[in-house]
Every structure is written in structure tokens, then in C-alpha cells.
Amino acid sequence: MGLRAIADEIYQHQITAQELDKITLRYDGLTVDDAYAIQQLTIQKYTNQGDRLIGWKMGLTSKAKQQSVGVDEAIFGHLLESMELTNPEISLKGLIHPRVEPEIAFVFKHRLEGTHITARDVWLATECVMPAVEVIDSRYKNFSFTLVDVIADNASSAKFYVADQAFSPYQFQLDKLGVVMCRNGEVAQTGAGAAVLGHPVRSIIEQVHMLSRIGKAIEPGMVVLTGGITEAIYIYDQDTISVEFEGMGDIELSVHA
Ligand code: 0L1
Ligand code: MG
């Protein structure tokens, strides 16, 4: 079966929120490059319907997540306008088994491309950083996948919310930034920015290097989610998820059916 047919299948499961069996169980020999091609073909189906690419997400950026998938590399996905929550409310409609994770978002004022990007290049191109929460929702049964499966499924991306307040990229030492995530008032996860490839800026560098291999870039105005600062937690109807980003304020999200 061709990559386009696999992309069609994944797209159908994404838009109908139905689980599917891992594609690697059913199609032999798929490579990481094939998986990114499937991801792009899937995204094209959204943009052909009027959706818009507004940024990128990095995934598998922590040692814990890489170990859980048995890999030692990060991955990336596309962020579409339709994925952004403009209010701090998560509707479970259209989601299968969603989980949330706190992240730092970078917003860009200049284009970033190439294979030899440094942290200096990233800071010069960055307009601001913002607290954010990503909702991941693997379309695979039991949230279980290989590297190829998860890349093809847009790195499990489903929704994301970026806080109202932006900060100067120089105001905080992002690797030292502490985060506490609570579900219904109980601490569920804690972490620090260093969980993201040692420093979230390294995630942006890696993002640009991976994009340059497929002839793409971070464009001015784009938002990039740098990766989970803690493990992701499952969310359920009536939950209140609050995330405190040390010195940057809180995000409080309400979950409903
Ligand atoms: O954003 C992420 O790190 C998710 C990447 C895919 C792995 C997962 O779904 O947990
Ligand atoms: Mg994430």
C-alpha cells in the first residue's frame, strides 16, 4: 500500500477520533522518512480543507519519553490553526484518550533555517516565550506505538493552549524553570525546563535542523512547542488541570465532555 493511502487512513481516524492498529504491524519496511512523508500528506488533507500551518511541535524530548518508546531521538509534528484552544477549556469531543503536558512555547519574529543553528541564532529570532499546555492524543490503541507510528500520527498532537502572558526570552533561565501540574487540586507531576533536551532552546535548535532536512523552516510569527516538561497525565470529564510555571503564572484548564 502506498504512503498516500496510509495517510488517508490516519487522517480518517484523526477526524473521527477512532483508535487504529499500529501501521507498523500492518505495513512492512516503513522508515522514519516514510513516516514524515505520511505526516506531511496527512497535514495536506487539513490544509486542503482550509486549515493553516501555524507552527511546529517537538516530541520525545525527555529521556523518560525516549526510553518509553525505546529511542534516543526527538521527533516533530505540525501545529495547525484548528488545534489551538483559544480559551482554557478542553472539550473531550473529538478526542480518544487525551493526556496533557506542560511546555514552553517560543514565538518567532525572524525566519530560522539551516543545519548549523546555535542558541544565539535562536535568541535573536525569538520574539517571546510563553507558558503552554499540549493535549496529546495518540490515535493508536492503548497509546502504544513505535517511532515510525507516532511520527506518522503527527507526533500524537491534538490540541494546545498558550497562556495570555508573553515573556522576554531573557527574563528566565528556562532550564531552571520549575513547573507543578495539579489535577483537581492534587499535585500530579512536577518538573523543570531541563527535562526538555537539557534546555528548551536545544529543542528549537533540533527542530530547525530536522526541518532543514525536508527543506522547511520556522517562519516569522510561528509558535513552537518545545516538549513536555513533565510526564503527560490523562484527563477526564469535569477535571480542572492547573499548571504553575515558576514566575510566569498559572494556566488553569477545565475539562468537559
Ligand atoms: O509531545 C510529545 O512528546 C508526544 C510525542 C509522542 C509520544 C507520546 O504520545 O507520548
Ligand atoms: Mg508535547
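**Getting started.** Helices and strands here are DSSP runs, at least four residues long for a helix and at least two for a strand, and I number them from the N terminus. With that settled, I noted that I am working with a predicted model. I then went through the secondary structure and found seven helices and 13 strands in the protein chain. Next I looked up the radius of gyration: it is 17 Å, close to the 18 Å from the globule rule for 257 residues, so the chain is as compact as a globular protein of that length.

**Overall build.** I checked the extent of the C-alpha trace, which spans about 50 × 45 × 35 Å along its principal axes. How much of the chain is buried? Buried residues account for 54% of the 257 residues. I also looked at contacts between residues at least 6 apart in sequence, and 74% of these join residues at least 24 apart.

**Surface and charge.** The protein chain exposes about 11,200 Å², with 47% of that supplied by carbon and sulfur atoms. I found 21 positive and 34 negative side chains, and the centres of the two sets lie 4 Å apart.

**The magnesium ion.** Which residues are the protein donors of the magnesium ion (ligand 2)? I found Glu101, Glu103 and Glu134, each through OE, lying 2.0 Å from the ion. Along the chain these donors follow the spacing E-x1-E-x30-E. I looked up the cover of two of them: buried means under 20% relative accessible area, so Glu101 at 2% counts as buried, and Glu103 at 0% is buried as well.

**Phe245.** My next stop was strand β12, residues 240-245, where Phe245 lies. Phe245 has 1% relative accessibility and counts as buried. Leaving out residues up to four places away in sequence, I listed what Phe245 touches; among them are Pro102, Glu103, Ile104, Leu177 and Ile251.

Ala155, though, has a positive phi near 55°. Ala155 sits in the loop between α6 (147-152) and β7 (157-162), and at 5% relative accessibility it is buried. Asn184 also has a positive phi, of about 50°. I located Asn184 in the loop between β8 (178-183) and β9 (186-192). Is Asn184 buried, partly exposed or exposed? At 43% relative accessibility, Asn184 counts as partly exposed.

Notes: Residues are numbered from 1 along each chain as its sequence is written. Chains are lettered from A and ligands numbered from 1 in the order in which they are written. This is a predicted model: local features need pLDDT of at least 70, side-chain atom pairs count only at pLDDT 80 or more; totals for chains, interfaces and linings use all residues. Side-chain values use heavy atoms; hydrogens and water are left out. The radius of gyration is taken over C-alpha atoms; the globule rule is 2.2 Å times the number of residues to the power 0.38. Buried means under 20% relative accessible area, exposed over 50%, partly exposed in between (1.4 Å probe, protein chains only). Contact means heavy atoms within 4.5 Å. Accessible areas come from the Shrake-Rupley method with a 1.4 Å probe; for residues, only the protein chains shown count as cover. Lys and Arg count as positive and Asp and Glu as negative; His and the chain ends are not counted. The place of a charge is taken as NZ of Lys, CZ of Arg, CG of Asp or CD of Glu. Donors are N, O and S atoms within 2.8 Å of the metal (3.2 Å for Na, K and Ca); water is not among the atoms, so sites may look incomplete.
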